Amino acid sequence: MKTIALKVMQESIEIAYSTADNKPPFRRFVITYNPNQSIGDNLEKIKVVLAGLPIDVAILLNSLEYEFSDTIIGINHQRIDIGLAITNMLNIPVVCSRKVEEMGLKAASDEKRDYNEWHLDYYGQYSDKRNYGQEAMLTIGNGYFGLRGAYVEAHADADNYPGTYVAGLFNQLTTKINDKDVVNEDLVNLPNAQFLTFGVDHEAPFSINQTDIQDIYRSLDLKHGALTTTMRIQLATGHALTVETTKIANMVDWHQYAIQYKITPTNFSGNIQVYSEIDGSVINGNVARYQDFDQHHLNITGMSSQQNSMIMAGETKTSKVQFAIGATLSGPALTGASAVTVTNHDKVLQQVASIEVTAGQTYTFEKNVAIYTSLETKEPLDATADEAVTNATFEATAKESTKYWTTTWNNFDIQIDRDMTSQKLTRVNLFHTMVSAAANESGELDASVGARGLHGEAYRGHVFWDEMFILPFYTLHYPELTKQLLLYRYRRLKAARDYAASEDYDGAMYPWQSGMFGDEQSQFTHLNPITHQWDPDNSRLQRHVSLAIAYNIINYVQITGDHAFMDEYGLEMLLSIAKFWISTTTYDKQEDRYSIAHVMGPDEFHENYPNASEPGLTNNTYTNLMVAWLFNYLVELQPKLSRQTIKTVNEKSAFDPALLQKMTDISHKLKLDINENGILAQFEGYFKLPSLNFENYRKKYGDISRMDRILKAEGKTPDAYQVAKQADTLMAYYVLNIPEIDHLLHQLGYDLPKGYLSKNIQYYLARTTHGSTLSRIVYSVLNEMDDNMDQSWSLFSTALFSDYYDIQGGTTAEGIHLGVMGATLMIETRNYGGVDSLGNTIAIHPHLPTEWRRLHFKQLIRGHWYDFTITRHQIKVQADADVTVNVFDKPVQLKANKTQTLDY
């Protein structure tokens, strides 16, 4: 193995490079600290001096060893986990010399590699948005609730935000802004029941602070769904303790979570107190730019306790959703009826337990919590919550969740060989897909997945078109989950019809932002954080959300073969959506073309034409192509349906069969704006707009991802320039594929020159600021399609890292970006793995990045499980039935449960 051995000195780092398992000959390097630079900048020099050298593992010769990590070192009176830093920098495992001596180099390296691929770790105490972001990344949950990964000892403040969210639980409040009543519907932050802390000798309870905390290490075990925080504390009084907290969401009984709290006094014997709370005084305070609005969503209606349990009841102020939260505090040291006392004051229930302790001994407590709401529970909430927590234990929750995660990882794990960082972050994304949605599979909830999961309050928890980026992944592993998420949209079909009618359209127009009832939740104004002014917001004109819903329905039915869903629910939604789009078109007899006006594309920077009297754009390319695709699908579907199904669904959707001919006409005559070089215009008139010099703006502002806000702060408007927040014009290529889009273009009467797609990709990349994390996803796929793998990999890697490094400067603090997480998984399997399941026959055409040696995953397609192993020159595929697949357009017969190996 090729190694680097590091010795960290007071003023330098000595590095010895070996190509023979840390044996001579060595190449030696010395890095001298620059006191004017940060630790991170000094460590970055390691990457510079080792540039070009292949390295398999790093060995620390003089690390400090703690129970939570053996790769911590001290530099300039500061401790850092250099193992985490070097792993992030060089994508290699980092081991301590003691482990190498005990296990041997290869075994120690393999052990650390395996650990890194299954854990998301943070060392040290962070503040402000950085810690908020880590809390989002460390969120545990089960799709019913999300519990931010805050320290249990923290109340909400500038550095900590222990939010708790239940799927589908929204509330509307009205605030007067600029003499106007503004109504906002928010995913509600429920009372904080994860709070636990301690005190010594009846002094003030411990709180998170920089002075008392010597070390903090947080580790999310992705394999078992457990978040463990270890703190080494020295109080002002000199008392020293180690506190270890483990939180687990129950993945089976999804109303419950459990906390294990271990306290070890290290230098004293005496008396300690444990404090447990349910804090009902919480507000929605995660997003700073929302603080001008009323964020007080809860009324606490009852607080009760008996023995070691306590119950808090309440309801949301306007939606009148009732809830009950129960909690128990227990432990071996807590015996007798009076071991735990309970007080309540000002919307807070508090339990206190006091015990005698001996130095060096560990005392274990556990807190079990249950959450019930009137949305899904018909029984009395208080009694149901009380019964649940009375019978709950940490051990039972851990056992049930471990069993769940074992089965789940066997179902949907994506294994990537020799790229440790991609493997870890892929599993982080996989984990959060289930944290955001798993309980919906039960059919007992009425919710869909918000753009930020159940991890924070950005976008007020609303459901967007982001479903289109995550539902295809669910469909390939948990089709019943996708079905339930689609039923959320079906149950809001009437609201979509009402919305269309209110805007003088036919059919169903789904809202850009959807919450509890399916009415439009987009605002007419939003706060520009640069100017601190309220700007108009026309984002509701992104009518393409209805096309995303149509795509999700069609994708689900094609992958699952669930035609009963199409007959009973899907077709009614599709015809209603089609009616809406028919009603948006206008016909120009002279041009013999249809146009669609007053819409926005995915770009979001362009809301209308400069100096226009009406909002919206005309003939957005993405919108028009997807409308033509939907119309084609529905026309081609008719002969496959029974007469009774057609009759029943036409009646339910008030669909006149004569509209099918209208759809055919529109799908052949929609207008696009295309220049002489074959560049598709984002919308009609786009080429008349001037371009911007991005380089000048980067020099002036640095980060120009939100160029819209920058331009408005300069008194300009993004409407007047060729600048895009994210992929728009070429978005249809991501959703469908090149042959299908070429067919649509030809059908519309547009035949583009050879090489047009490459030109379009580079044209729009040069005009895109990637102000949305989804932008890099789409352009990564476009570049993979165009065989530009270097650029595809660069964009994909940035997207994969986006929440881990919070590349948008604090947005992860407000919740993870679930659409990006789901989309990276689809790139890995659909584009890099090359498995396309949308056709009648599965097509396999791998396109592995050079950074990957092997890719393995499973998928459930039309009722059969497939197992794929892809290397750079070989495909192994197995199915649980006799089936045919196409490998590079050639049919291959598979025998049930027999692995077929193919070279390419």
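**Ground rules**

I worked from a predicted model, where local features need pLDDT of at least 70 and side-chain atom pairs count only at pLDDT 80 or more, while totals for chains, interfaces and linings use all residues. I number residues from 1 along each chain as its sequence is written, and my side-chain values use heavy atoms, with hydrogens and water left out.

**Entry 1: the sheet**

I started with an open sheet of five strands, in the order β26-β33-β34-β35-β38 with antiparallel pairing. My helices (H or I, at least four residues) and strands (E, at least two) are DSSP runs, numbered from the N terminus. Two strands pair if DSSP finds at least two bridges between them. At the edges I found β26 (415-416) and β38 (900-903), each pairing on one side only. Inside the order, I looked at β33 (residues 854-861) and β34 (residues 864-871), which pair in the antiparallel sense over eight bridges. Lys 858 stands opposite Asp 867 of β34.

**Entry 2: α9 on α24**

Next came helix packing, which is described by the angle between the axes and the distance between them. The axes are lines fitted to C-alpha atoms, for helices over the stretch in contact, and angles run from 0 to 180 degrees between N-to-C directions. I found α9 (residues 467-475) packed on α24 at about 50°, with the axes 7 Å apart. That makes α9 oblique to α24; angles under 35 degrees count as roughly parallel, over 145 as roughly antiparallel, 65 to 115 as roughly perpendicular and the rest as oblique.

Which residues of α9 meet α24? I listed Phe 469, Ile 470, Pro 472, Phe 473 and Tyr 474, and they meet Leu 818, Gly 819, Gly 822, Ala 823, Leu 825 and Met 826 in α24. Contact here means heavy atoms within 4.5 Å. By class I noted nine nonpolar, two polar and no charged residues. For these classes, Ala, Val, Leu, Ile, Met, Phe, Trp, Tyr, Cys and Pro count as nonpolar, Asp, Glu, Lys and Arg as charged, and the others, Gly among them, as polar.

**Entry 3: α23 on α24**

I stayed with α24 (residues 818-832), which packs with α23 (residues 789-801) at about 150°, their axes being 10 Å apart. That makes α23 roughly antiparallel to α24. From α23, Met 789, Ser 792, Trp 793, Phe 796, Ala 799 and Leu 800 meet Val 820, Thr 824, Ile 827, Glu 828 and Tyr 832 in α24. I noted eight nonpolar, two polar and one charged residues in this contact.

**Entry 4: a salt bridge**

How many salt bridges does the structure hold? I noted 30, each a side-chain nitrogen of Lys or Arg within 4 Å of a carboxyl oxygen of Asp or Glu. I looked up Lys 99 with Glu 111, whose closest N and O atoms are 3.3 Å apart. Lys 99 lies in α3 (residues 97-103) and Glu 111 in α4 (residues 105-118), so the pair ties together parts 12 residues apart in sequence.

Most residues other than glycine have a negative phi, and most peptide bonds are trans. I found the peptide bond from Pro 24 to Pro 25 to be cis, with omega near 0°. Pro 25 sits in the loop between β2 (12-18) and β3 (26-32). Asn 91 is not a glycine, yet I noted a positive phi of about 60° for it. I located Asn 91 in the loop between α2 (82-90) and β7 (94-96).
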